[in-house]
Number of protein chains: 2
Amino acid sequence: MTRATSPKSRSTMDNFDFKAYLKARQTLVNERLGAILGSLDPRRELTCAMGHSLMAGGKRLRPILCLAACEACSAPLEPALPAACALEMIHTYSLVHDDLPAMDNDDLRRGIPTCHRAFGESTAILAGDGLLTHAFQILSRPENLFKVFPDPGVRLELVAIISDAAGINGMVEGQMLDMLLQNADETVTSLELLTQIHTLKTGGMIRASVVAGAVSAGADNAMIESLAVYAEKIGLAFQIVDDILDVEGDPTVMGKTAGSDVDNRKMTFPSFMGLEASRKYAQEIINEAVKALDLFDEKKTLPLKAIAAYILQRKR
Amino acid sequence: MTRATSPKSRSTMDNFDFKAYLKARQTLVNERLGAILGSLDPRRELTCAMGHSLMAGGKRLRPILCLAACEACSAPLEPALPAACALEMIHTYSLVHDDLPAMDNDDLRRGIPTCHRAFGESTAILAGDGLLTHAFQILSRPENLFKVFPDPGVRLELVAIISDAAGINGMVEGQMLDMLLQNADETVTSLELLTQIHTLKTGGMIRASVVAGAVSAGADNAMIESLAVYAEKIGLAFQIVDDILDVEGDPTVMGKTAGSDVDNRKMTFPSFMGLEASRKYAQEIINEAVKALDLFDEKKTLPLKAIAAYILQRKR
């Protein structure tokens, strides 16, 4: 059981079994992602390569955030499932492309060989392209695989939110800036630039996950805006903890080659402000995230609060 | 001036200035694509790389088909402009990724260095990812850059049609099969497989371009289905002519390294059935495409008929 960081909600949180919640949601998301893959010819190289990376046991943080945000708005979680799956597919595509030899050149991801190590570089590029494109197919035509889904207008809004966060003003630009920094022969000395890259690369998609859940639930603007603040805070904390884990982690726990960011002289929060200050900074931001949930029914926000605490405490 | 292949419409076609039409449509599409790029920070590496490939003087066949299909349905072309631009962005992304060293490893495209030769491999991968993702942003949020655009329900349908044609059951799978053939050490002897790959890789997006134009115009199902038949026919003819040009072409006319498909032992129509039979086959298919337009107002289909004739006669 994971405890919340805010004393006022501790007693409620003690009755919330986060481990069981996480497991149930992961099972649900894996089942739906499995159904998406199951609708494709299993003998196709592309199906195998996409499945290799998509079903490699990821945390499913983004889809779970999407579902939890939908529930925080006092809606059933079913209408958020198409967006939840699309978000995980886009997250996985970004990992597959980021791992490529021309990018971060990683051999291991989620404890198994990266897509290009297992299937070759051209297949990995295409598997990434396929996951990205098919995510928009799932968002626009959920009726083939989902029983419950939002109205067309809401689905179009989901396409807009997610393509914005994933694209050239979001995740793609974040990776671009990251690559330029890695390739440049100078050290970056600005925490502002570092935070900008993290926001673009990771924060934007975490924000989109939470907002997509709220939009799928038919939430009003005040709810969407509060959840967006929560998401921006946990997104930044997530990246700081990622950086801390990359310094501390060992490959058996982390599931990817430890210290790989350091080897490539990638800027990280610990290298900028030190390990202890990074930990403290992450804690402060998580406290602010939890505060942004004040306007919601407290019981409905238990999963989001537990996720915030989990982000701080996670070991991989 | 280009003459139609069908005798019955020759007198009408003689009064249609296809060259001027093509130029006007190319100018319109380039202007809108330029506005999309112009909305991005010009100093960003990603903007430069996307612009390098997007504004390299492509034929704009897919957007022009989209606009011409919209006009064939007796609608003004403006509502089809967002889809037209999205289709060209997705076409360009596919060229950028197909040219990569791990794929076709091409140095020249549209007469200039390929994206990865000009900007490096990681930037080219990201520029492709960016063009693909931003196409869905344009489709879902056209109001930022277009004055006229279809209703939300129609826009969602466009996302569905285009993501289907571009994705794992369309273009991405076509390139995957193509790569598997190139990497295999055996010659393919089936015209059926060859046609399947071409349909997936090129035909599907040409079909989507035409159908997207009709859907943007608010066309009825009979119109959409007739235009889909037209599109399937010209799509196949397009690929056959591409193959013929690759055998005959020289690099100054073709704009890419000539004979590159042959070097890589890629299967082509000429290598399968010979040059003359390939030419005859393309002509037959174009005649069938023109016949599929019978139910439309003849005057409104002049551009589509001229495009069909152009596909047969083009030199690059």
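1. In which loop of chain A is A:Arg60 found? In this predicted model, A:Arg60 lies in the loop between helix 3 and helix 4 (61-72) of chain A. The phi angle of A:Arg60 is near 65°, which is a positive value in a residue other than glycine, and A:Arg60 counts as buried because its relative accessibility is 2%, where the cut-off for buried is under 20%.

2. Turning to the interface, 44 residues of chain A are in contact with 44 residues of chain B. The area buried between chain A and chain B comes to about 3,900 Å², and carbon and sulfur atoms give 71% of that area.

3. Between the two chains the count is four salt bridges, one of which joins the side chains of A:Arg141 and B:Glu157 at 4.0 Å, N to O. The count of residue pairs in polar contact between chain A and chain B, with both residues at pLDDT 80 or more, is 13.

4. On the side of chain A that touches chain B, the elements giving two or more residues are helix 3 (45-54), helix 5 (81-98), helix 7 (121-140), helix 8 (152-166) and helix 9 (171-183). Helix 7 of chain A gives the most, with 13 residues, and the residues of this side divide into 22 nonpolar, 13 polar and nine charged.

Terms used. Residues numbered from 1 in each chain as written. Chains lettered and ligands numbered in written order. Predicted model: local features only at pLDDT ≥ 70, side-chain atom pairs only at ≥ 80, totals over all residues. Heavy atoms only, no water. Contact = heavy atoms within 4.5 Å. Buried area = accessible area lost by both parts, 1.4 Å probe. Polar contact = N/O pair within 3.5 Å; in protein donor to acceptor, adjacent residues only side chain to side chain. Helix = DSSP H or I, 4+ residues; strand = E, 2+ residues; numbered from the N terminus. Nonpolar A, V, L, I, M, F, W, Y, C, P; charged D, E, K, R; others polar. Buried < 20%, exposed > 50% of the residue type's maximum accessible area, 1.4 Å probe, protein only.
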